[in-house]
Structures are given as C-alpha cells and as structure tokens.
Amino acid sequence: MRCLQRYFRRYKRIHMENERNQENGERFLLPFEYIIENLTMSPMLNYFKNSIIITVGVLIPLLLISFMAGFALSKIQFRGNKKILSYFLLGLMLPFQVALIPLFTIFSKMGILNTYPAVILPQIAFSLSYSIQLFYSFSKFLPDEIIEAAIIDGCSPMRTFFKIVFPMSTNSLLTVATMQGVFTWNDFINAYTFTRSTNMKTVTLGLNDFVGFMGTTDWGATFAAITVTVLPTFLFYFFTNKYMLSGLTAGAVKG
C-alpha cells in the first residue's frame, strides 16, 4: 500500500513538472542541468570507464590481428590461402546471437562471467570476418613494388609491415576502428548477457537506471543521459569521417 502511495505521489509530481516545463518552453532547451546531475549523482562515470575499457580492449587486438591476417592473405601466396579467406568469410553468415547461450555456458564454467574478457572476446571473434575482408581489399590496393623494394633494402617482413605498410594504411585502420568502435560502444546484448553487477555496466546498460517503478521515467535526466552517451561516438565520427570515406573506397578499384 505504501509503495502504491509513493508511486502515485511520484507520478503526480513528474506529471506536474512536465506540464510546467511544457508551458515554459523548457522542454526544447538543452539539458545541461540534468547532464551535470547525472555525472555527479549517478554511476555514469563508472559506466563510461567500463565502456572505454571494453572499446579499447576490442579495437587494439582486432585491428592488429585482422590487419596482419588480411595483409598476409593478399600479399603472401601459399597453398590454401583462398580457402582460408573463404573460411573467414563464412563468419559473415553466422549471426552472433546464436552463440550467446553456448558462450554463456563456456564462460560460466571458466569463471570469467562478469569480467571484461567475457564482453571483449566475443566481439573480437565475431568482428574478425568483415575486418579481415576489408583489410584484404585494402592490402590488394598497396603496390607490390614498395614492399619488394623494402625487402631488397634489407627490411625484415615484420619491419616492413610496421614501418612501411602500417603508416600507409591509416585510412583503412580508421575505417575499421570507426565502424567497430561505434558498434562496440553501442553494444547492449553482449554486456547484458555476460555481466551481472552494477560495477560492470556500460553506458548502454546504464540507461535502464532512469526507468523507475512501473515504467515511470524522468525524461529530463533520461534524455540528458542519452545525449552524454551518444556524444563520444558522434565526435569521433565527426573528426574521422573523411578518412573513413576515403578508406572505404581505397580498395574498390585496383590498377
């Protein structure tokens, strides 16, 4: 009975505030007051920390592994390289949702649920297919003469890759980093499946904190939280979009 009374009092207060804001035109103002309140009164800073750790933990291994694999498959001729490329491309046809239950069972037996690796590893695995395909196309665009000249001058294959090929592939690296970074930052299903505690929540999971009893919502704080959540990806894409567009078209035509 007391819960219902508290609910109706809160609902009435929120309804009266919404009507007052609508009359004053405050609904169309930027929610700076609520943004500051969210950062100081809620665990949003901790959610941001978790999202940053997961995003960086996904991007660094993914870029390194997929770039090296795509470069090797495009430039090194060996028996079965086409079959290996086709094997990686099979991953494009497998939706990651079908592996959630098996992965949950495996991670539970390994004891790594509610940890960063439980969220990071599946995203790396299911992003390798299209990342390798993109880097394979980009590497086909690189002139073989530059790599051959470096080898003749005495560079080892690894030094040629990191000193010559890597700096020349900035556009392709930013393309994959932007695509996967936005996907990882906005990910909900992996974080929701493999985490349990509040301390491990990401910013997308943290938005649920603003939905109250029986669906009541403080819309000012909610929209402020959404603004803070999408702002990093918006700024990152704003400053890297020209490199991303040029990287997407770099491997389209060869010759």
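This tour moves through the structure stop by stop, naming what to select and what is found there.

**Before selecting anything**

The model is predicted: local features require pLDDT of at least 70, side-chain atom pairs count only at pLDDT 80 or more, and totals for chains, interfaces and linings use all residues. Residues are numbered from 1 along each chain as its sequence is written, and side-chain values use heavy atoms, with hydrogens and water left out.

**Whole chain**

Begin with a cartoon of the entire chain. The secondary structure consists of twelve helices and zero strands. Here helices (H or I, at least four residues) and strands (E, at least two) are DSSP runs, numbered from the N terminus. Colouring by burial shows that 35% of the 255 residues count as buried. Buried means under 20% relative accessible area, exposed over 50%, and partly exposed in between, with a 1.4 Å probe and protein chains only.

**Stop 1: the nonpolar patch**

Select L64, I65, M68, M158, F162 and F166. These residues form a nonpolar patch on the surface, with about 500 Å² of accessible area together. Patches are made of residues with over 30% relative accessible area and no salt bridge; nonpolar side chains (Val, Leu, Ile, Met, Phe, Trp, Tyr) are joined within 5 Å, and like charges within 9 Å. The areas come from the Shrake-Rupley method with a 1.4 Å probe, and for residues only the protein chains shown count as cover. Helix 3 (44-75) and helix 8 (157-168) each supply at least two residues of the patch. I65 belongs to helix 3 and counts as partly exposed because its relative accessibility is 45%.

L173 counts as buried, since its relative accessibility is 11%.

**Stop 2: the salt bridge**

Next, show the side chains of K75 and D144. They meet in a salt bridge with an N to O distance of 2.6 Å. The pair links distant parts of the chain, with K75 in helix 3 and D144 in helix 7 (residues 144-152), 69 residues apart. A search of the whole structure finds one salt bridge, the term being used for a side-chain nitrogen of Lys or Arg within 4 Å of a carboxyl oxygen of Asp or Glu. D144 has a relative accessible area of 38% and is therefore partly exposed.

**Stop 3: the second largest pocket**

Helix 3, helix 7 and helix 8 are the elements that give two or more residues to its lining. The space in this pocket is about 340 Å³. By class, the lining has ten nonpolar, two polar and five charged residues. In this classification, Ala, Val, Leu, Ile, Met, Phe, Trp, Tyr, Cys and Pro count as nonpolar, Asp, Glu, Lys and Arg as charged, and the others, Gly among them, as polar.

Pockets and cavities are found on a 1 Å grid over the protein atoms alone: a cavity is a set of points where a 1.4 Å probe fits but cannot get out, a pocket is an open set with protein on both sides within 12 Å along at least five of seven lines, and lining residues have an atom within 4 Å of a point. Grid points are joined across faces, edges and corners, and a volume is the space filled by probe spheres set on the points.

**Stop 4: the cavity**

Now select S51, I54, T55, V119, Q123, T184, W185, D187, A191 and T202, which line the largest cavity. Helix 3, helix 6 (116-141) and helix 9 (170-185) each give two or more residues to this lining, and the largest share, three residues, comes from helix 3. The cavity holds about 50 Å³ of space, and the count of cavities of 30 Å³ or more comes to one.

**Stop 5: two loops**

Finish at N114, in the loop between helix 5 (100-110) and helix 6. Its phi is near 65°, a positive value in a residue other than glycine. Most residues other than glycine have a negative phi. N114 counts as partly exposed because its relative accessibility is 24%.

S197 is 83 residues from N114 in sequence and 7.0 Å away in space, C-alpha to C-alpha. S197 lies in the loop between helix 10 (189-194) and helix 11 (203-206). K201 is found in the loop between helix 10 and helix 11 and counts as buried, since its relative accessibility is 19%.
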